[in-house]
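Please open the model in your viewer and keep the selection tool ready.

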Amino acid sequence: MKLFAAALALIASSPALAQDYTATSTLVKALTGPNAPVDMKAPDICGTDLGTMAEIDGTIVVAFGDTFGWQGDSCPKFGPNWRSNVIAMTTDKDPSDGIAIDGWFTGEDGTAIEAAPGQHMLKFSSEQTKIPTAMVAVGDTLYLHYMSVHGFANMGGVWLCNSSRFITSTDGGKSWDKGVSDFGTFQSSFNMLALSAQAGTGNEDGRYVYAVGTPCGRFNGARVGRVANDKVQDNAAWEYWDGAAWVADRAQAAEVIKPGVGEGSLVWNQGIGKWMYTTLNELALQLEIRFADRPEGPWSAPATLARGSDYAQAYNAYMTPAWISDDGLTFYYVMSQFGPYNTYVMKAELTPSS
């Protein structure tokens, strides 16, 4: 209760910019699982979540979280073949009727396998799982950031991490390395990221990769870091927004979005000339979207993207540039629901605030 009280007090005491837009979301179609547009038995994808994306060479690469397989012809929740971070590919750029995944990072038997194998130990004993938090493409390289989860608590939205790390692929997600070194320690404010290397206001020449980061869990605030796009895995090259300038000390990073911030996604929306950031607000039980002129903010007050009362136990809203309309007023995203435990393509429509 103290955690909730402190978070709510911060929200109430921190005025934000006015909303730029209101948002309305509708369900399009399941992305994974038994109701997906394409066969999910061959890759053994019965249930999964998350779905952070990056675009490279005309392909959208998707990283899912904890993933479970089929039990014969049935699809039980949290079934067999637990994997931590499976990688899918699609060349389908029209999400209006759903998205057909046409490839996976697979093992010799054709089933989807982990990009970064997790230990899958008992919670709070070592490593329970490795969860992808964000992915970005720079040139011919995919950078996938994952968090090593020490354990998920019984209370929803609370978990502890061991560390976080970047791994890379230079063949479009068909193979992955083990990374260079940890990016975040268990206490880091950048163990969960939303990444973008897009050219937009504040990053006009696409020189930087920007990261909106949070500690592990969903009851914290967000901070912003950036790095030259050719030095993503060089921890010393990163710099952080302290509220007035970019500094080398991560500990000086200012909180630019107040609690509670969960899994996030960051994109530049060319049509409306704004950066968009989406996240789950566990305190309000809804997906939210914010707008800013620059990646470091200031960020607008949140607009409701989708309510938990409409989509029970919904979380995350992962965006990708190819799914944004030319005028910027319509975009699609990947949402998870814990109840059915699968991912869904959602359509969002923006209306300018009066």
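The tour below visits a pocket, then a loop, and then several pairs of charged side chains.

This is a predicted model, in which local features need pLDDT of at least 70 and side-chain atom pairs count only at pLDDT 80 or more, while totals for chains, interfaces and linings use all residues. When you select, remember that residues are numbered from 1 along each chain as its sequence is written, and that side-chain values use heavy atoms, with hydrogens and water left out.

**First stop: the largest pocket**

Select Phe 152, Gly 157, Arg 218, Tyr 315 and Phe 338, which are the closest to the centre of the largest pocket among the 28 residues that line it. A pocket here is an open set of points on a 1 Å grid over the protein atoms alone, where a 1.4 Å probe fits, with protein on both sides within 12 Å along at least five of seven lines, and lining residues have an atom within 4 Å of a point. The volume of this pocket, about 720 Å³, is the space filled by probe spheres set on the points, which are joined across faces, edges and corners. Next, colour strand E7 (141-152) and strand E20 (314-318), each of which supplies at least two residues of the lining; strands are DSSP runs (E, at least two residues), numbered from the N terminus.

**Second stop: a loop**

Move to Asp 109, in the loop between strand E5 (103-104) and strand E6 (129-138). Is Asp 109 buried or exposed? Asp 109 is exposed, because its relative accessible area is 60%, where exposed means over 50%, buried under 20% and partly exposed in between (1.4 Å probe, protein chains only). If you also select Ala 237, you will find its C-alpha atom 40 Å from that of Asp 109.

**Third stop: salt bridges**

A salt bridge is a side-chain nitrogen of Lys or Arg within 4 Å of a carboxyl oxygen of Asp or Glu, and the whole structure holds 12 of them. Select Arg 165 and Asp 182, whose side chains meet in one of these at 3.0 Å, N to O. Arg 165 lies in strand E8 (residues 159-169) and Asp 182 in strand E9 (residues 182-185), so the pair ties together parts that are 17 residues apart in sequence.

Then select Lys 130 and Glu 127, which form a salt bridge with their closest N and O atoms 3.0 Å apart, and which are both buried. Finish with Asp 20, Lys 274 and Asp 293, which are linked in a network of salt bridges.

Terms used
Helices (H or I, at least four residues) and strands (E, at least two) are DSSP runs, numbered from the N terminus.
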